[in-house]
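Hi everyone, thanks for making time this morning. I'd like to walk you through one structure, so please have a look at it while I talk.

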Amino acid sequence: RIPSPVPTPTVAPKPTATPRPTSTPKPTPTPVATVSRSGEGTAAPTPTPTAEPTIRRDKLEGVYQCNEDGTRRFTSTLFPTHLITDIEPMGKMASDHVTPTDHLYVYRNVWEGEDTEYVLAPADGWIVSISNNEERTARWDSSITVPDQRIVLMHTCTFFTIFIHLGELAPDVMAHTGEISPDSKWYSIRSAPVPVKAGEPFAKMGLTGFDWSVHDTDTILDFVIPDHYEGENWKIHTVDPFQFFEEPLKSDLLSKVVREIEPRAGKIDYDIEGTIAGNWFQDGTVGYRVLEGGGGKYWEKHITIAYDWIDPTKVRISIGLDTGINDEQDCNVCFGNYAVRGNGPDPATIGTESGIIKYELMSRTGLNNVEIGNTSLGTFLVQHLGNRTIRIEVIAGKLPDEVIGFSDASLIYRR
C-alpha cells in the first residue's frame with residue numbers, strides 16, 4: 001500500500017500579552033505597572049497619599065466641633081434694653097463667691113401677667129450645652145416656679161458667651177433638645193448643636209435677673225498661677241463684653257451699668273506677684289476643684305484681698321472660712337466680704353518686707369454697700385512669707401491693739 005501523506009504541522013501563533021487590569025481607584029486614582037505587547041514593564045509612579053479632613057475642636061472644652069477662631073461683633077442686645085433696670089459688673093465677692101465673680105448681673109422689674117420676654121443671642125452661634133438645675137421659686141409669689149438653666153453659646157472655636165439662671169427654653173430650642181429634666185444636662189456632642197442667629201430668642205430670663213459672661217480663649221488674665229483655675233476653666237479667659245457691641249447698643253447697655261469707674265464691666269484678676277493682693281487658696285487644696293473626700297464647698301478654702309467691685313478705691317477682704325463674725329447681726333450685707341478701717345494699707349504694697357499686717361475688719365454701708373460702716377467686726381492678721389505663701393488669722397471681736405500676733409489657729413494660704 002502507498003502510505004498516506006503525513007500532514008505538515010501548523011505552528012500555532014503565540015498569544016499576545018493582555019495588559020493587567022488597573023486596580024479600582026481609592027479616593028485618588030493610582031496608576032499601576034502594565035505589561036506592553038513586547039513584554040516590557042513600565043514603572044508605576046509613587047502613590048500620593050490623600051489627606052484626611054481635619055476635625056477642629058473648640059479651645060475651651062476641646063470637645064465641640066467648630067471651624068473658625070476669633071471674636072465676633074455683638075449686633076443684638078441680650079435682653080430688650082428698655083426692660084433692663086440695672087447691670088452689675090464682674091468682681092462681686094459675697095457668700096460662696098469668695099473670689100471675684102467672672103460674670104455680670106442683668107436685672108429687670110417683676111413682670112405683670114404672663115412672662116413673654118426672652119433672652120436673645122448677641123451674635124450668631126450654637127448652643128453647645130445646657131445644665132438644668134433645681135427649679136427656683138419667685139420671692140414675690142411662691143406659686144411661680146421656673147427652671148434654673150446654665151446655657152453656653154459657642155460663637156467660634158475661641159469665643160463663648162455663658163448665661164446662668166435662665167428660665168424656660170424657647171420653642172425652637174426645645175424642638176432640638178427635647179425636655180431637659182431638673183438636675184440633668186444636655187450636650188451637643190450627644191446629638192447636634194442648636195444654631196442660633198443674632199437677636200434670636202433662646203430662653204426666658206426666668207425670674208428678675210441672670211448672670212452673663214463672655215470668654216475669649218486667646219485672652220489669659222493676670223493670675224499668678226492660671227493652672228489653679230482649671231476647675232472653672234473659663235474664668236481665666238473672661239473678657240469685657242461691652243467692647244464687642246456696636247453703637248448705639250453699646251452706649252445703651254453701658255447706661256444701665258452701676259459702676260462708673262473704668263473698666264465699667266468690672267475686674268476679677270487682682271493678683272500681683274510678691275504682694276498679698278489677689279486670690280489665695282488654703283494650703284493642701286486645689287483652686288476651684290472639689291475638695292478631697294468629696295466636699296463640694298471648695299470656696300470655703302478661698303480668700304481674696306482686693307478691692308470693691310463698684311468702687312475699686314475701697315479695700316476689701318473676702319473670707320470663705322468660718323471667721324466667727326456674726327454677719328447676720330453685725331453686717332447683714334457683708335456675706336464674708338469686709339471693709340477695713342482707714343481703707344488701708346493698700347494690699348498691692350504689702351510684701352515679705354512688711355511683716356505682720358493688722359487690718360481692722362469693718363461693716364459696709366451706703367449705696368451699693370461700698371462705704372465703710374461704723375461697726376468693728378474683728379482683726380485680720382496677714383503676713384507674706386515669700387514663695388507665694390501667706391499666713392492669716394481672723395480674730396473676731398478684737399481690735400488690732402488687742403492682738404499681739406498669730407496663734408496656733410493661724411492658717412497657711414498659697415497662690
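Let's start at H237, which sits in the loop between β10 and β11. One thing to keep in mind as you look is that this is a predicted model. Is H237 buried or exposed? Its relative accessibility is 10%, so it counts as buried. Leaving aside residues up to four places away in sequence, H237 touches L60, V214, H215, D216, T217, T219 and I220.

Now let me step back to the whole protein. It has 415 residues, and 46% of them count as buried. The secondary structure comes to 3 helices and 19 strands. If you take contacts between residues at least 6 apart in sequence, 63% join residues at least 24 apart.

How far can we trust the coordinates? The average pLDDT is 89, and 86% of the residues score at least 70. The stretch to watch is residues 1-41, where pLDDT stays under 50. For that stretch the model has 20 contacts beyond four places in sequence. Where pLDDT is low, the predicted coordinates should not be read in detail. Please bear that in mind if you are setting anything up from this model.

On to the packing. The largest nonpolar core has 49 residues, and the members that touch the most others in it are I127, I151, F163, F202, F210, W212 and F242. Let's take W212 as our example. Not counting residues up to four places away in sequence, W212 touches L78, H103, L104, V106, I162, F163, P241, F242 and F245. Apart from that core lies another, of 27 residues, and its members include I319, C334, V340 and Y359.

How many disulfides does a search of the whole structure find? It finds 2, and with bonded cysteines counted along the chain, the pattern is 1-2, 3-4.

The pair C66 and C157 has sulfur atoms 2.1 Å apart. The torsion about their S-S bond is about 115°, so this disulfide is right-handed.

C331 and C334 are both buried.

At least two lining residues each come from β4, β5, β6, β7 and β10.

Next, a few backbone details for anyone who likes checking torsions. There is a cis peptide bond between E247 and P248, with omega about 5°. P248 is in the loop between β11 and α2. Another cis peptide bond joins E262 and P263, with omega about -5°, and P263 falls in the loop between α2 and β12.

As for phi, F335 has a value near 50°, which is positive in a residue other than glycine. You'll find F335 in the loop between α3 and β15. R388 is also a residue other than glycine with a positive phi, near 55°. The place of R388 is the loop between β17 and β18. With a relative accessible area of 35%, R388 is partly exposed.

Y413 is in strand β19, residues 411-414. Its relative accessibility is 0%, so Y413 counts as buried. Y413 and R388 are 25 residues apart in sequence, and their C-alpha atoms are 8.6 Å apart in space.

Note on methods
Residues numbered from 1 in each chain as written. Predicted model: local features only at pLDDT ≥ 70, side-chain atom pairs only at ≥ 80, totals over all residues. Heavy atoms only, no water. pLDDT = per-residue confidence, 0-100. Contact = heavy atoms within 4.5 Å. Core = buried A, V, L, I, M, F, W, Y, C linked by side-chain atoms within 4.5 Å. Buried < 20%, exposed > 50% of the residue type's maximum accessible area, 1.4 Å probe, protein only. Disulfide = S-S within 2.5 Å. Helix = DSSP H or I, 4+ residues; strand = E, 2+ residues; numbered from the N terminus.
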